[in-house]
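User: I would like to learn how to read a protein structure. Could we start with the way helices pack?

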Amino acid sequence: MEGACVPEGPDLKEMDEEVLWNLINDNRHRISLGVRPCILIPYLRQARVLTEVDEDEILSCHNLTNRCMRTSYMLDLLRSQGRNGAIALLEGLMIHYPSLYTQVTGHKPSTEPSRFSGLIKYSELTEYLIRAVTGMQNELQEARGEAGRMSAQCKSLQSEIGQMMSQEETSRKIQSENGRLQRHLGALQREVAKLKDEKCDLSIRYTVVIEEKSAMSGRLHDLNLQVYQLQSELQSLQKESEIQKQRSLRCNSAPEMPRLQEEVRMLRSQLEKAQMLDPARQDILAQDLAEAIDSQVELAEQLKCYREENENLLKDKEGLLDQKESLSLQVQQLSLDCKMHQQRSTVVQNQMRELQAERDQAYLSRDEAQAMIANILAEKDTLRTQLVELQETVFTMQAHRRPRVQQMSPEKKGVGWDSPTSSSEESPLPPRRRLRRMDAVNPMSLSSFNSESEDVGVSSVRSRNAQPPSPESLRRREEVLYADSSLESADTDSLLDDFVLLPDVEKEDKKVAWLSSSVDSNSVSHSRASAPPFLVRSRPKAIRVNGRVLSISFQGEALLSQLTVVGGNKTGVFVHQVHQGSAAHTVGITPGAQIVEVGCEQNKRALKMVLEDSTLEEATWALGQVTGMCHLSLRPRQADYEALLQQLQTSETSSGDSFYIRVNLSIPAGAGGTMAVSCNDVLHVTNTLPAGADDLWHASRVHPRQLLDLQSGTVPNYYRAQQLLIRAIEDLSFQPKKSQKQDGRVVHQSTHKAVRIVSTGRQGWNPLWVSVENEKSKGTESGPLSPSKSCMTLMPYTLVTPNFPPVCRPVLLLPSVLGRILDKKLASWQGFELCVPEVLSSSEQAARVQRSEILEECEQGENGFYTLRSVDKIMKKGIHCVLPLGMDCVRRLHRFNIFPIIIFIGQSARSARKLRSKLQRHNQSEEQLLACSRSEEPMLDKLPCLYHNMSPDSWCDQTSLLNALRTVIWEEQRRIVWVEPDLW
């Protein structure tokens, strides 16, 4: 317990350094929590165990974010001072923290001079103790004043608590009143429901009464009609009776009197009966009249209601009419817009038709031009054939006229057209095979081309439809292109067979080489003499149309002296200038054509180099390798070429190159103005062949979060950087590892990474080299072609591509021993979740392994595997997945476009001691952690992506380490992920 007295132990002056520091390290946690460095530093400065620099570093360092970290760092500095540091620390605790001193040493604190070690003189110690006592008294007064303020604040808080209690009582009363009102409201609601039910019943009864009233009114109407009929009948009978009386009085006839009297009696009896019924009928009629008046009043009220409803309906009608008018206006506006869009679409369709007509006309013009060229070539071949026939006739006539000249030896007579070993009689001149043009466009094939539009090869090469080509057409077109390019070497051989190539004849005494040519399979083979000496100008191979790629063969000796090129891997390599009178100019090569492929023959082997995606430097090197017969594949792209020239003129770009590289060595700034780069820097190369620099590239640094170029300059090109890499590796191999000890700490001379060893892998090719295909020539056997600049497998630069992950990236902590300790702690934070293994059956395991979805097998438990599905499930939540795995999972995740954040926490003996307690809880030791760190650090260079390396001095305990990790993860999430191609 704090403050308890501990039995006296041995004197501190008699203890050894290791014993003192073991005593302090055992209580390091208490000292870190209970000591304020600003209080102890004056005494430690007085004892000369800390300097002013140490004081500034402890109190002002940004990495030390709290008091515990500053105290711990102060203890580390005192540890470097040895025994004096320990004694000075304990004496400072004895003065300023007596209770803590008792807990650490077991001695009672005392300010007697004999209890001090003598690091400070007696007068200085007295002055310091007086200042310390004065400071403590001031602190005591401040503490008392603070206690008074706290007591006043406590009283105010108690009064506030009393007010809160009264308010709480009031709120309880209000709540009870509210409950009562709610109950009363419920009762009223129930009564309202009952009244609503009664109202519903009354409305039903009222409806029944109204129906009965309507029936009674109908019945009253019928009775009124009957009364009216009876009254009308009574009046008619009275009139008739009066008429009869008059007649009876006039006639006074005796026989009619009895009959009339009888009728009068009958009428009187009927009248009496009618008079007897009148009062009842009158009552009924009066009652019916009253009911009719009531119904009339009700009908008047209903009529009034109907009129009000009619007025409301009229108002609604007016509002609807207004809405109708606004909608009609909108409809009219939309109809006008629709008409305008229709007119625009009509105009666009007309323009499309015109463009299609122009395109068809251009196709026809092209076909006519090709047909005209074919006709001219055919006529030219015919004329040449006639010329050769005439020459053969002349030679035959000369042979018959001068038979003796043919018998003379070639040494005495000079150059002759007969065989040097036989006479004309023994070996007559064989007939000369006619020259014919190979791969030329036949006019008949052009006419048949228009009719046979359904042919697969023709339709895939030339299309006249307005719609874009279908995927099937594109596939057929690629097959035709690849088939033609694969037969290029065979076409070259047939070209040499079908044409006669003669050497230059300068003197008459030179010997003329005899050439033989093979005839077609349908013709008979004949031996013949060579061509006349004045036919030394050979005709080049005809241009062959392969879709949009033109294959041209010509004599390409010193090809770079015949033409110049511009462009690069981004835009393509274009022919820029063609020198007048050169072989390239003779075959019709013009500026604006993209060089897709170049083929030549070296050391009796066919060499083919693909330049479609090559840089300007590699294209220039490849064209410089051409000797002898050259085969170029060109693609006409005049619009792209003009756009590139415009960009070069306006200085928007310096070339057509654009790619990103990762530097694998540290290059200092050179005397020629080269830019200083470090290992693992990412550069954007924009020109591989700048003017005036044959072995330099123009490149720029890349912004870590955006694809923006920052500082630009020149760096050594690939082959010069390869030599620098080899030299740096040799220097590191012969340089001994040295370390020096300062103040008890081991400090390495260089912590900066110098090189990164990366080779071309098993495939033996480099993505930054031009694609070279080396094939054996027919009938020849020679050693393999070894072009310059391609014998080394070490890569100073590696090609990288940018990736922008849209969601939170997984987190992988290394070394794995420390990562397993920090994974659970990191996963407990918000925004992080630990990857959980899945239990799979044998069949599921086999299926997942086949799909490469299993990342790693779990060490604990049977059939537990970390799978891609569990990682993807956590990433879909928008949080970071903490991976308790090794480095082998990185490449598997990259195959599914998942790019984890890789953080390597550097370790030293000092940093390992800070994690001693954590390692012991997980049955690990400091030696195992250091061994794991040393074994996994070299493997980081083989990863295809960048990683973050945390130095051991950037953290002091587990809390600061986790905070630093969180900051690093937040920064890495915002960065661009640069990924290298998988060379293995």
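Analyst: Two packed helices are described by the angle between their axes and the distance between the axes. In this predicted model, the axes of helix 1 (residues 17-26) and helix 5 (residues 67-79) come within 12 Å and cross at roughly 175°. Helix 1 is therefore roughly antiparallel to helix 5, a label for angles over 145 degrees. Axes are lines fitted to C-alpha atoms, for helices over the stretch in contact, and angles run from 0 to 180 degrees between N-to-C directions. Helices (H or I, at least four residues) and strands (E, at least two) are DSSP runs, numbered from the N terminus.

User: Which residues of helix 1 and helix 5 make the contact?

Analyst: Glu-17, Glu-18 and Trp-21 of helix 1 meet Leu-75, Leu-78 and Arg-79 of helix 5, where contact means heavy atoms within 4.5 Å. These residues divide into three nonpolar, no polar and three charged. Ala, Val, Leu, Ile, Met, Phe, Trp, Tyr, Cys and Pro count as nonpolar, Asp, Glu, Lys and Arg as charged, and the others, Gly among them, as polar.

User: Which way do the side chains of strand 21 point?

Analyst: In a regular strand the side chains alternate between the two faces of the sheet. In strand 21 (residues 880-883), His-880 and Val-882 point one way, Cys-881 and Leu-883 the other way, and all are buried. Buried means under 20% relative accessible area (1.4 Å probe, protein chains only).

User: Which strands pair with strand 21?

Analyst: Strands of a sheet pair through backbone hydrogen bonds, either parallel or antiparallel. Here two strands pair if DSSP finds at least two bridges between them. Strand 16 (residues 811-814) pairs with strand 21 in the parallel sense over two bridges, and Leu-812 stands opposite Leu-883. Strand 17 (residues 832-834) also runs parallel to strand 21, joined by three bridges, with Phe-832 opposite His-880.

User: In what order do the strands of the antiparallel open sheet lie?

Analyst: The order is 18-20-19. Strand 18 (838-839) and strand 19 (854-857) are the edge strands, each pairing on one side only. Two bridges join strand 18 to strand 20 (residues 864-867), and Glu-838 stands opposite Phe-865.

Notes
Residues numbered from 1 in each chain as written. Predicted model: local features only at pLDDT ≥ 70, side-chain atom pairs only at ≥ 80, totals over all residues. Heavy atoms only, no water. Buried < 20%, exposed > 50% of the residue type's maximum accessible area, 1.4 Å probe, protein only. Parallel < 35°, antiparallel > 145°, perpendicular 65-115°, else oblique.
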